[in-house]
Amino acid sequence: MPDRGDELIQQRLAKLQRLRALGIDPYPARYQRTHTSRQVIDLLQDAEKRGAHSTDQGVSVAGRITAVRGMGKASFLDLTDGEGRLQVYFRRDLLGEEGYQLLRELDLGDFLGATGKLFRTRTGEVTLEAASFVILAKAIRPPPEKWHGLSDTEKRYRQRYLDLISSEEVRRIFRSRSKAIAALRRFMNERSFIEVETPILLPVAAGAMARPFVTQHKALDRELYLRIATELHLKRLIVGGFEKVYEIGRVFRNEGIDTQHNPEFTTMESYEAYADYNDVMRMVEEMFAYIAQDVAGTLKIPWGDVTIDLTPPWRRLSLHEAVKEACGIDFREYADVEALKQAISNLDLALEEDASYSRLIDKLLSTLVQPKLVQPTFLLDYPLEMSPLAKKKPDDPALVERFEGYVGGMEVANAFTELNDPIDQRERFMEQERLRQELGGEEFDRLDEDFLEAIEHGMPPTGGLGVGIDRLVMLLTNQQSIREVILFPQLRSR
């Protein structure tokens with residue numbers, strides 16, 4: 001028995017052939033649309049204010065057919081465009097027999113243009129009465145059976161276009177994402193930051209503790225890496241005399257996939273000369289409030305079963321005290337890896353055999369502290385071992401001036417008072433390289449000789465920031481999975 005989907009495709013192909021036999025191009029190159037679905041509402045309302053029941057002049061609209069009702073002497077189609085839905089009314093006596101019969105060659109999913117006057121039905125719905133119409137694109141494949149939303153999550157991600165076709169909510173999420181990025185740019189530009197672009201292909205994958213993706217450049221005959229951060233090139237620009245810079249762009253980390261991680265994700269990194277992490281903290285509070293107000297119209301946003309209040313100031317809490325409060329372990333009392341590992345062994349946490357000191361603390365943080373940080377919180381002052389690019393605290397050189405911002409149990413921001421001492425920076429890079437050799441892991445930072453040479457020319461005191469755009473959008477749209485806010489997330493093989 002032939003597959004039902006194949007039958008429908010064959011039926012649509014037959015219609016396509018009939019259209020061409022009638023001399024109709026089912027894929028014309030252009031169409032002059034005069035109004036969107038949203039604009040026709042305003043147009044009719046203006047006419048009604050003048051006492052008219054319909055528009056005087058004809059308008060031309062276009063969109064995808066998402067519903068069909070009736071095929072007697074009159075028919076109704078719903079056309080959906082980028083702004084909404086519009087009902088279109090077709091009358092046999094207005095279109096003529098030949099024109100009206102052409103409606104039989106239309107299917108759900110086809111794109112159609114229609115021209116006519118606007119009126120309001122007895123039920124109050126704004127409707128276009130079509131005096132003429134033109135087929136703009138014949139869909140060969142039928143839309144999803146669940147027209148009002150795909151239930152197969154895997155299919156939603158693999159065929160995002162179907163997800164967008166069938167769900168207004170999904171379209172809303174990605175419009176919100178675009179709006180959030182626009183608001184972020186506006187926020188930074190209003191503070192005199194300049195937007196820049198830095199390389200994606202790098203000879204050294206430095207600037208973060210992450211495993212990189214490796215590629216090969218044929219012409220140069222050399223191995224290159226996809227960037228894991230934009231940090232080191234942006235700080236080169238601070239050295240060069242730009243005092244406020246930022247970049248919004250993709251970074252790539254060869255790591256696992258879960259509800260908060262995708263191997264490629266979008267960040268905004270910024271660097272400001274003569275600022276420290278306290279200045280950056282205040283900027284982050286203001287930034288999130290600014291964006292939330294612009295996108296959601298409020299600073300109190302739903303997150304699962306709770307409401308998150310982004311109103312500044314956010315709570316400030318030292319990492320040391322947060323870990324101690326969560327599990328009773330004072331990591332500052334344990335000077336080496338084995339002692340700390342022994343203390344953690346009583347907590348029933350899965351530990352890697354060759355975990356470093358910083359990895360152990362990160363395990364405590366991510367497992368025991370982070371899930372509880374639902375309301376906006378800054379965790380401050382991290383151990384030196386966890387932050388090879390951050391400046392030491394003057395009164396406590398075992399810690400660095402670093403904070404991470406947490407909202408909804410997710411890290412959404414990471415910032416330092418940037419290390420600008422080239423000698424100290426070289427020593428820390430060399431220690432990272434030593435740990436990589438000793439422990440055999442990839443998640444250590446790398447020595448970038450060119451960057452070291454740059455800051456040897458002098459870099460002013462600087463406050464740096466990284467914000468996860470995807471997680472920010474998750475918060476603003478109340479989505480618990482990062483794949484819901486990335487148009488084309490990375491997926492496992494079929």
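Q: How many strands make up the closed barrel, and in which order do they run?
A: Strands of a sheet pair through backbone hydrogen bonds, either parallel or antiparallel. Two strands are taken to pair if DSSP finds at least two bridges between them. Strands (E, at least two residues) and helices (H or I, at least four) are DSSP runs, numbered from the N terminus. In this predicted model, five strands form a closed barrel in the order E1-E2-E3-E5-E4, with mixed pairing. Direction ignored, neighbouring strands of this sheet are turned by 55° against each other on average.

Q: On what basis are the residues numbered and the values computed?
A: Residues are numbered from 1 along each chain as its sequence is written, and side-chain values use heavy atoms, with hydrogens and water left out. Because the model is predicted, local features need pLDDT of at least 70 and side-chain atom pairs count only at pLDDT 80 or more, whereas totals for chains, interfaces and linings use all residues.

Q: In what sense do E4 and E5 pair, and over how many bridges?
A: Strand E4 (residues 111-120) and strand E5 (residues 126-137) are antiparallel, with 10 bridges between them. Arg-120 stands opposite Val-126 in E5.

Q: Which residues does Leu-44 touch, beyond those up to four places away in sequence?
A: Contact means heavy atoms within 4.5 Å. Leu-44, in helix H2 (residues 37-49), touches His-53, Ser-54, Thr-55, Leu-118, Phe-119, Arg-120 and Val-126 on that count.

Q: Is Leu-44 buried or exposed?
A: Buried means under 20% relative accessible area, exposed over 50%, and partly exposed in between (1.4 Å probe, protein chains only). Leu-44 counts as buried because its relative accessibility is 0%.

Q: How many residues of strand E19 are buried?
A: Seven of the seven residues of E19 (residues 462-468) are buried, so the strand is largely enclosed by the rest of the structure. Both faces are covered, with Thr-462, Gly-464, Gly-466 and Gly-468 on one side and Gly-463, Leu-465 and Val-467 on the other.

Q: How many bridges join E18 to E19, and how many join E11 to E19?
A: Strand E18 (residues 410-417) runs antiparallel to E19 and is joined to it by five bridges; Thr-417 has Gly-463 as its bridge partner. Strand E11 (residues 264-273) also pairs with E19 in the antiparallel sense, over seven bridges, and Thr-267 stands opposite Gly-468.

Q: How do helices H9 and H11 cross?
A: Axes are lines fitted to C-alpha atoms, for helices over the stretch in contact, and angles run from 0 to 180 degrees between N-to-C directions. The axes of H9 (residues 319-327) and H11 (residues 357-369) come within 10 Å and cross at roughly 60°. The two helices are therefore oblique to each other; angles under 35 degrees count as roughly parallel, over 145 as roughly antiparallel, 65 to 115 as roughly perpendicular and the rest as oblique. The contact is made by Leu-319, Ala-322, Val-323, Ala-326 and Cys-327 of H9 and Ile-361, Leu-364, Leu-365, Leu-368 and Val-369 of H11.
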